[in-house]
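Here are a few notes to read alongside the structure. Keep the viewer open as you go through them.

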Amino acid sequence: MAEHAHAPAPLGGKLITPVTLCLGAISLAMGIVMIVRFIFGLGAVTNLNDGYPFGIWIVYDVVIGSAFACGGYTMALLVYIFNKGEYHPLVRPALLASVFGYSLAAVSVIMDMGRYWNAWHIFWPGYANVNSVLFEVATCISLYILVMWIEFSPAFLDKIAVGFLKKIIPDVKKIVAKLMFLCIALGVLLPTMHQSSLGSMLLIMGNQINPLWQSGYLLPLEYLMTAVLLGFSVVVVEATLVSLAFKRPMETPLLARLAKFIWGLLLAYLVLRIGGLVMHGAIPNAFHFTLETFWFWVEMISFILPLILLAKPAGRNNAGKLFAAAVLLMLGGFMLRLNGFLVGYETGDGWHYFPSLPELIVTVGLISFEILAYIVLVKLLPVLPAVKPATSH
Amino acid sequence: MDRRNFFKASLAGSATLAAGTCPVQARETRTISPDALGLLYDSTLCIGCKACVAACKEANGMPPEYLANTEQPYWDMPLDISGRTLTVIKVYRNGTMHKKDEEQNGYAFIKKSCMHCVDPSCVSACPVSAMAKDPKTGVVSYSKDACMGCRYCVAACPFGVPRFTYDQTFPQISKCQLCQHRWKDGKYSACAEVCPTGATLFGRVDDLKKEAARRRGLKPGTQTTFPRGQLGGPDQSYPGVVAKYIDHLYGEKEFGGTQMIMLSGVPFDKLGYADLPPRSDAATTESLQHTLYGGMVMPLVFLGALAYAAKRNTRQYQEEEENGGNHG
């Protein structure tokens, strides 16, 4: 029971530091690019073209970014569905990172949408096309963002109880507490749906996708499994970085047990992935002398190395190896998605895409803003478990 | 059975139940409407005059495009279809380019524009129904009032047809809509209307296929008559010589069929038209989506199991959180 007693508490401390100032400056640069984009159009700031209609604002910020933001999903799955109570202290910090990751992915989508003023059509009967995989992804992600903010609300409801809100907040808290189980259930269902659908999005692109990544009906399963792997990895990386940055004790014993899940799932994924390549006759493509092949191997090695690193208890209990394995898994999941959507996408000769500087500024800016907001909020709100339990009570 | 195992078992059970209640829902590749309209493009008749490109621009109110590296922006010179160009004629060149419609040391023309697929990927991909296929005529049309500019259609189309005006503040998709806006005036596709050789012919796809079969059945080098403009419209036919066709009517089977069909003397992969399977990607995708989400049965059953597990498990944490760290 000892871990459960570490109730979340605000970290406190100064908000304006060299790190937060730096992150703020990058976020500001992003704001400027955004203004230019909305005045002069996508072409003014991006290298998007008809051969590569999806750039990093979609492929990184949404397809990859939302998978990186699966920490909240996987921890909720573990704690509330599989009832592994010992991981409870990791839930709220993971949820905070997730709610930001997803919310900013939504910002990126609006930036990327050419006719953003029609975005509401996706929720409107008569316009909505239920056959579209993107319809499933978009509605599901939107709903999930809402659900996550509700899930996270107990952490901030007290803080915003000012003025007339003071009267209704206690009632709101009661309702939220009553319906929390439903939010948690949705918080597991929805990512299961849209993370798998992000893979299904490649189905309609058919043989424009290199056979190394056009896995047909295995796509949803591959993307779902790696999303869960990424979710766990992000939790490991986040917990380690938070411990280092805020000089708190390491959570290695807890994370080592988590690593056992990761290992089993990783093994299952690799069997599926390699089996799929064999089934689709794509193995010869893995040995061509091309750029695609190079990035394919970067991806595969990033998945295979953690399988070795985490195979034995000694490796899982070593904070350094655990961290390395988690970072490699993040790279692997990153590459799988980048490869599927950009490296392995070929719609005809003569098309090239590499993100422009403004595109990169927006992507880096969104990440910076996310980290900035995370730092500020863990200092102000009860997110991280208190190190010394209950002395103030 | 302890509680943890009970939850695992109930989750597994509900997953099986969900899979059982919702069998695989195969969505077959769609078949062509009997009243489908389209184009027959005969590469061997095309002389590369590009009258169709100019007429298309005029009929659709599209601005001219100048070569990026030219110092003489005097006339429209699109190299490919784009946000401002719905059709172009491209040329295949090989070796000495001595003979028309020969693969070796020859050249050939090819039209690029929307194929009006029988089972289009763009229509399946579009999340807001901005791409639509007319159930009768089969024309694949675009509505900018519905479009949210996500460009999934651009990514999905196997022919690379929908294009986007990235350089505009308020951009849109551009694609050939078979000039259906001209039908009310009794007119038809401008590209076919102006084609001087009948290389681009407008008509019912059924009739166009018959015409294609007739040409393929003729002996190369013999005389025949070629219709121009609209098949079944006023007679504008002229006598000509039959070319040597390869044994392939492109668009007959590809992707479940297209409503622009093509004849050529040079293999189509040389002309920029890839080999495509007979099954459409839309059918593949929608089979998956309908199986997983048909009637929302599977998600709802899964949600029920999750909610049940979450309700049982959260009670414990809420009690702990309310008590704070008092029992540390």
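1. Two strands are said to pair when DSSP finds at least two bridges between them. Helices (H or I, at least four residues) and strands (E, at least two) are DSSP runs, numbered from the N terminus. This is a predicted model, in which local features need pLDDT of at least 70 and side-chain atom pairs count only at pLDDT 80 or more, while totals for chains, interfaces and linings use all residues. Residues are numbered from 1 along each chain as its sequence is written, with chains lettered from A and ligands numbered from 1 in the order in which they are written.

2. Let's begin with strand 1 of chain B. Five bridges link strand 1 to strand 9 (residues 200-204) of chain B, and the two run antiparallel.

3. Is strand 1 of chain B buried or exposed? A residue is buried if 20 or more other C-beta atoms lie within 10 Å of its own, exposed if 12 or fewer, and partly exposed in between, with C-beta atoms placed from the backbone. Six of the six residues of this strand (residues 37-42) are buried, so strand 1 of chain B is largely enclosed by the rest of the structure. Both faces are covered: Leu37(B), Leu39(B) and Tyr41(B) are buried on one side, and Gly38(B), Leu40(B) and Asp42(B) on the other.

4. Over in chain A, have a look at helix 3. Here 13 of the 13 residues are buried, so helix 3 of chain A is largely enclosed by the rest of the structure.

5. Now for the place where the chains meet. Chain A brings 57 residues to the contact and chain B brings 57 residues, where contact means C-beta atoms, placed from the backbone, within 7 Å. On the side of chain A that touches chain B, helix 7 of chain A gives the most, with eleven residues. That side divides into 37 nonpolar, 17 polar and three charged residues. Ala, Val, Leu, Ile, Met, Phe, Trp, Tyr, Cys and Pro count as nonpolar, Asp, Glu, Lys and Arg as charged, and the others, Gly among them, as polar.

Key: Two residues are in contact if their C-beta atoms, placed from the backbone, lie within 7 Å.
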